[in-house]
Amino acid sequence: MFCMQCQETAKNTGCTVKGVCGKQADTAQLQDLLLFTLKGIAFAGEHAPAGVYEKEAGFFTIKALFATITNANFDNVKLTSLVKEALNIRESVKAKAALPAQTPDCVTWTPASDAELDAKAASVGILLETNEDLRSLKELITYGLKGIAAYAEHAAVLGYEDDAIYSFAKEALAATVKDLGMEQLIALVMKTGEIAVTTMALLDKANTTSYGSPEPTEVNIGVRKNPGILISGHDLKDLQELLEQTEGTGVDVYTHSEMLPGHYYPAFKKYSQFAGNYGGSWWHQDKEFETFNGPILMTTNCIVPVKDSYKERIFTTGMAGYPGVKHIADRAKGGKKDFSEIIALAKKCAAPVELETGKIIGGFAHGTVLSIADKVIEAVKSGAVKGFIVMAGCDGRHKTRSHYTEVAEKLPEGYIILTAGCAKYRYNKLNLGTIGGIPRVLDAGQCNDSYSLAVIALKLKEAFGLDDVNKLPIYYDVAWYEQKAVTVLLALLYLGVKNIHLGPTLPAFLSPAVANFIVEQFKLSPVKEADEFVGMLA
Ligand code: FSO
Ligand code: SF4
């Protein structure tokens, strides 16, 4: 195996024996094989009439890509079945395509037996591309596309799809098996950023149309006395159906990590059993799932290797999967998922152990912030607010991530943090106070709600009559971990944001030449020491 797609990759170079995330070599290779087959579908799709790829093959592709995101699916049985389904879809697309005489291996390779799957899986990894700069750009596009896929899948579940996203998946995946040069690939990197914006906007529309605009909300971080179900991940439709099905059962529902922003949506506030948020960011789950005592539902990625102590009470659903862990089946067309097994199990469990008490506040997506735009602009003009620091993105285990806590603790007077994603857990319980009634940590929501932060910046640019978003007093100190953060980063670059500080390390998949290009073009820089960063503001 060779995988370097996340920030925690071994020695900041690549995982070669087993993933730092817990992914076994055979699982990593099956994910490589899945990507390989998806490229075959895309290449064939480019030679088929318009519309053959879009919708069915496109939707399958985004689901399959989602399964390959860091910490999403560790289940070889599921990955193998996705590979087989991909091969069938490829054949049906090929049947409608006029293929050129020369086609890449991914278009023609057909296994005679399951044993051939494993052999092939070991030979189609990312090192197949031997030029490190071309590989770097192809992986940058692929990882950006994986995040786009996850966000597009969430939107699609709520009934919002855009064929342009599927067409882009086709273009991007097919490009990785063509003989393209640096310039063409760089153009495709920028297009990845453009489609990332399109996709995050679509998901924003899907979420806010379905559940209302997030509003400022205090979320309890203590516990009640009832047994509870803990829901994690990003899928709001799963949250909706779990809340509907737990009503009146005596079982409470708590959010974990990236599901915290579920509390900000008006539609979920009517559920009295929606009790609060339990614990911190994703990587604390091995301890927090133990003390939670009740069942846990993982709706998307960020599963850490499951411990025996809670293996019997953790469930996956959607594209998440883990060997030996029960999986809640997809909804039948027009139907709902059935969470009755989880609810029945919860009733037999003890209430969660209290980890902390108090409240955290969030719900400052673009709707809320722009509704108080006058107040914000006034505060900037009067000097009460000197600037904003975007500290969005992911959390992770790296020790140097304490940087983000340190920056928050040392935040000079007059500065406000804008956040989204699980990076916020590094400082969202610090009680940093308010400025003229505006909290000093404004949490827009999940990592995809970084879109909200971009909308806020663009609107402020307009309100201040500026011609460049970089002239605003907004500083970017972004943390990344997995591929959705790559998507968010490419979206910000596409929107023209410069001078982003990225940490805790620059991606291993950027070759020196590609890293140089991005640094020069976008003035991106590695994270600074907290004192240096804060000193730059004061
Ligand atoms: Fe965090 Fe995980 Fe949202 Fe990511 S939970 S790390 S960018 O999956 O998705 O922010
Ligand atoms: Fe390593 Fe990250 Fe890949 Fe897991 S996802 S194998 S930790 S690079």
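How many nonpolar, polar and charged residues does the shell around ligand 2 have? By class, that shell has 7 nonpolar, 4 polar and 2 charged residues. The structure is a predicted model. Its protein chain is assigned three domains: domain 1 (10-210), domain 2 (217-347) and domain 3 (365-537).

- Ligand 2 has 13 residues around it. Those that come nearest are Cys3, Cys6, Cys15, Gly19 and Cys21.
- Ligand 1 is surrounded by 14 residues. The closest of them are Cys302, Cys394, Gly421, Cys422 and Cys447.
- The shell around ligand 1 is made up of 7 nonpolar, 4 polar and 3 charged residues.
- Ligand 1 lies between domain 2 (217-347) and domain 3 (365-537), because both domains give residues to its shell.

**How domain 2 and domain 3 meet**

- The centres of domain 2 and domain 3, taken over C-alpha atoms, are separated by 29 Å.
- Contact between these domains involves 10 residues of domain 2 and 9 residues of domain 3.
- On the side of domain 2 that touches domain 3, there are 4 nonpolar, 5 polar and 1 charged residues.

**The largest nonpolar core**

- The largest nonpolar core contains 175 residues. Leu34, Ala169, Val390 and Leu489 have the most contacts inside it.
- Helix α6 (residues 132-157) supplies the largest share of this core, with 12 residues.
- Ala169 is in contact with Ala42, Gly58, Thr61, Ile62, Leu145 and Ala149, when its neighbours within four places in sequence are left aside.

**An open sheet of six strands**

- This open sheet has 6 strands in the order β13-β10-β9-β14-β15-β16, and the pairing is parallel.
- Strands β13 (441-443) and β16 (525-526) are the edge strands, and each of them pairs on one side only.
- Strand β9 (residues 387-390) pairs with β14 in the parallel sense over 3 bridges. Here Val390 stands opposite Tyr476 of β14. Val390 is also one of the residues with the most contacts inside the largest nonpolar core.
- Strand β14 (residues 474-479) is mostly covered, with 5 of its 6 residues buried.
- Strands β14 and β15 run parallel and are joined by 3 bridges. Asp477 stands opposite His501 in β15.
- Strand β15 (residues 501-503) is joined to β16 by 2 bridges, and these two strands also run parallel. The bridge partner of His501 in β16 is Ser525.

**Backbone angles that stand out**

- Most residues other than glycine have a negative phi, and most peptide bonds are trans.
- The bond between Gly503 and Pro504 is a cis peptide bond, with omega about 0°. Pro504 is in the loop between β15 and α18 (512-522).
- Lys11 is not a glycine, yet it has a positive phi of about 55°. This residue lies in the segment before α1 (25-46). Lys11 counts as exposed because it has 9 C-beta neighbours inside 10 Å, and the limit for exposed is 12 or fewer.
- Lys55 is not a glycine either, and its phi is positive at about 75°. Lys55 lies in helix α2 (residues 53-67). With 12 other C-beta atoms within 10 Å, Lys55 is exposed.

**Two residues in loops**

- Cys349 is in the loop between α12 (340-347) and β8 (359-362). Is Cys349 buried or partly exposed? It has 16 C-beta neighbours inside 10 Å, so Cys349 counts as partly exposed; a buried residue would need 20 or more.
- Not counting residues up to four places away in sequence, Cys349 touches Pro227, Asn293, Gly294, Pro295 and Arg313.
- Cys349 and Lys96 are 253 residues apart in sequence, and their C-alpha atoms are 54 Å apart in space.
- Thr249 is in the loop between α9 (236-246) and β3 (252-255). Thr249 has 17 C-beta neighbours inside 10 Å and therefore counts as partly exposed.
- Thr249 and Thr198 are 51 residues apart in sequence and 40 Å apart in space, C-alpha to C-alpha.

Conventions: Residues numbered from 1 in each chain as written. Chains lettered and ligands numbered in written order. Predicted model: local features only at pLDDT ≥ 70, side-chain atom pairs only at ≥ 80, totals over all residues. Near = placed C-beta within 6 Å. Nonpolar A, V, L, I, M, F, W, Y, C, P; charged D, E, K, R; others polar. Domains from an automatic or database assignment. Core = buried A, V, L, I, M, F, W, Y, C linked by C-beta atoms within 7 Å. Helix = DSSP H or I, 4+ residues; strand = E, 2+ residues; numbered from the N terminus. Contact = placed C-beta atoms within 7 Å. Pairing = 2+ DSSP bridges.
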